Amino acid sequence: MLRLGVIGTNWITAQFIDAAYKQEAYQLSAIYSRHEATAQALADKVGVKATIYTDLDAFFASDLDVVYIASPNSLHAPQTIQALTAGKHVIVEKPLAVNLKQLAAVDEAVQAHPDLMVFEAARHIYDANFKRINEFVATNDVSGATLSYMKYSSRYDAVLAGETPNVFSRQFGGGALMDLGIYLVYAAVAWFGVPNRATYQAKMLNTGVDGDGVMRLSYPDFDVTLITGKTKNSELTSEIYVGRDTLAFDQVGEIHHLTLKTETETTDLSQPIFDNPMEAEAKAFAEAIETNDREAFKKAWTLANSVHQVMGQLRQSAGLHFDTK
Ligand SMILES: NC(=O)c1ccc[n+]([C@@H]2O[C@H](COP(=O)([O-])OP(=O)(O)OC[C@H]3O[C@@H](n4cnc5c(N)ncnc54)[C@H](OP(=O)(O)O)[C@@H]3O)[C@@H](O)[C@H]2O)c1
């Protein structure tokens, strides 16, 4: 049983704790919050007793084995490094870094702690339907793809009212690419590899980050289009093309339906998935940590690094820069 500590007390942390408990591989031991009452509210919500910390050093000095980090984006890298320095495994929400400088610093800390593991919580890549697509692209000659993930954010109304919530702020590395676009970049890099070229045409908001946009990834034999946004609710189907055939599925962040359409027939390839979309990743991370599966960690870490290199190219092409110390 892994002793779990959590940073960030919003709904996503409660959802991860729920997934962790359903997997029966974690026990919540510590909650960090800037405010005791907020941490207590989370403990009450999930119905688990845990030690509450408002001091991050004391939190990391506790006996937790693995920390789940769900703070604002720009804090992920420094908190990951602090966790590794304290001897803890890390599950960090996407994006694990908001610029390549942060990525390099985390990578250096990872290399300096070969007994520990850091997993970026790109939850969708652990799901059964995503893995079914892994198999499909490995055994077919892909000729292109259009992938979509676009949802109207519950915080966009605040932006329209002139406010700057963290997820739409430059200071915290917010915006559509960093929040939802990264799911698409993960999918493209996992399925097709690192592209030769990646460009992003973004619609900028008054807060200084992208609200929505279209990315184009160029591979030697085909191109891939990625459509993302936090200012619209999209029902667009995602598609991978193989000659005259099309593999069609719903939004990449959470794939429920998977259909192969040829000119003569339609086959449902959908796999059953967990009700809680974080359960597959919680299972995978616990298995890797508990069995010290360095190969699984290395595979995930290599993919994360490739994804963030592409994210860097995309930000540069859109003129998106997040400065950090
Ligand atoms: N995997 C998914 O499906 C999914 C879904 C949603 C979000 N996420 C990820 O989860 C992370 C958190 O997202 P969110 O929307 O919950 O973010 P958020 O509400 O802006 O902040 C998350 C937590 O960080 C702390 N925090 C807020 N402002 C802060 C500040 N100025 N300085 C230091 N700490 C601060 C708060 O905890 P305390 O007040 O307790 O300190 C808050 O609960 C993001 O990286 C996001 O990408 C993932």
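Predicted model: local features only at pLDDT ≥ 70, side-chain atom pairs only at ≥ 80, totals over all residues.
1. Two helices each give two or more residues to the shell around the ligand: helix H1 (11-22) and helix H8 (176-192).

2. Next, the domains. The ligand lies between domain 1 (2-116) and domain 2 (127-279 + 308-318), because both give residues to the shell around the ligand.

3. Now the shell itself. There are 22 residues around the ligand. Thr-9, Ser-33, Asn-73, Arg-155 and Asn-166 come nearest. By type, the shell holds seven nonpolar, nine polar and six charged residues.

4. For His-76, the distance from a polar side-chain atom to an oxygen atom of the ligand is 3.0 Å.

5. How much of the ligand does the protein bury? Taken alone, the ligand exposes 890 Å². The protein buries 82% of that.

6. Turn to the backbone at Pro-95. The peptide bond from Lys-94 to Pro-95 is cis, and its omega is near -10°. Find Pro-95 in the loop between strand S5 (89-93) and helix H5 (100-112).

7. Last, check Glu-24. This residue is not a glycine, yet its phi is positive, at about 55°. Glu-24 sits in the loop that runs between H1 and strand S2 (26-32). H1 is also one of the helices that give two or more residues to the ligand shell.

Note on methods
Residues numbered from 1 in each chain as written. Heavy atoms only, no water. Near = heavy atom within 4 Å. Polar contact = N/O pair within 3.5 Å; in protein donor to acceptor, adjacent residues only side chain to side chain. Areas by Shrake-Rupley, 256 points an atom, 1.4 Å probe, with all protein chains shown as cover. Helix = DSSP H or I, 4+ residues; strand = E, 2+ residues; numbered from the N terminus. Nonpolar A, V, L, I, M, F, W, Y, C, P; charged D, E, K, R; others polar. Domains from an automatic or database assignment.
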